[in-house]
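Open your viewer and get ready to click along. We will go from a helix to a core, and then to a group of rings.

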Amino acid sequence: MNTKEFFLTWGMLLLGVLMNVFGVYVVKMKINALGSVQFSSIGTFFNYFLTLAKSPLALLGAAAILAAPFPYAIALSRMQLSIAYPVSVALNCLIIIPLTVLFMGEILTWYKVAGIGFMLISLYLLYK
């Protein structure tokens, strides 16, 4: 596989994953700052999302989430779905879990560690 083909497959897959992870992470940061969505009234509900939509970082994150399928589609046009999709899902998890543990204070349980291990093993077996 030449450099161009590698970039158009694995590079695009990774770019799509990174865009998705970035988007989800920054939107979650803003949601954490706002607190839980309140359903006490329709006005409260809509004000919450209006406040979220006024955040430039949340809008950038939403744009990244919405744009992430484009590089993914480029990768899919050159890869088998049975490889690309599981790798994409696993990479999303393998990137987001350490970020949330380090920067959002989420707990890394033994079940999560085992899940990460199983993901790494499954990626190895899929690529074999």
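Buried here means under 20% relative accessible area, exposed over 50%, and partly exposed in between (1.4 Å probe, protein chains only). This is a predicted model: local features need pLDDT of at least 70, side-chain atom pairs count only at pLDDT 80 or more, and totals for chains, interfaces and linings use all residues. Residues are numbered from 1 along each chain as its sequence is written, and side-chain values use heavy atoms, with hydrogens and water left out.

**Stop one: helix 5.** Select residues 81–103. Helices are DSSP runs (H or I, at least four residues), numbered from the N terminus. Now colour its buried residues: Ile83, Ala84, Val87, Ser88, Ala90, Asn92, Ile97 and Thr100. What do they pack against? Show helix 1, helix 4 and helix 6 to see the partners; contact means heavy atoms within 4.5 Å.

**Stop two: the core.** A nonpolar core is a set of buried Ala, Val, Leu, Ile, Met, Phe, Trp, Tyr and Cys residues joined through side-chain atoms within 4.5 Å. The largest one has 14 residues, and Trp10, Leu13, Ala75, Met79, Ile83 and Val87 touch the most other members. Helix 5 contributes the most, with 5 residues.

**Stop three: the rings.** Select Phe39, Phe45, Phe46, Tyr48 and Phe49, which form one aromatic cluster. Rings of Phe, Tyr and Trp (its six-membered ring) pair if their centres lie within 6.5 Å; planes under 30 degrees apart count as stacked, over 60 as edge-to-face and the rest as tilted. Phe46 is exposed, at 51% relative accessible area.

Technical notes: Helix = DSSP H or I, 4+ residues; strand = E, 2+ residues; numbered from the N terminus.
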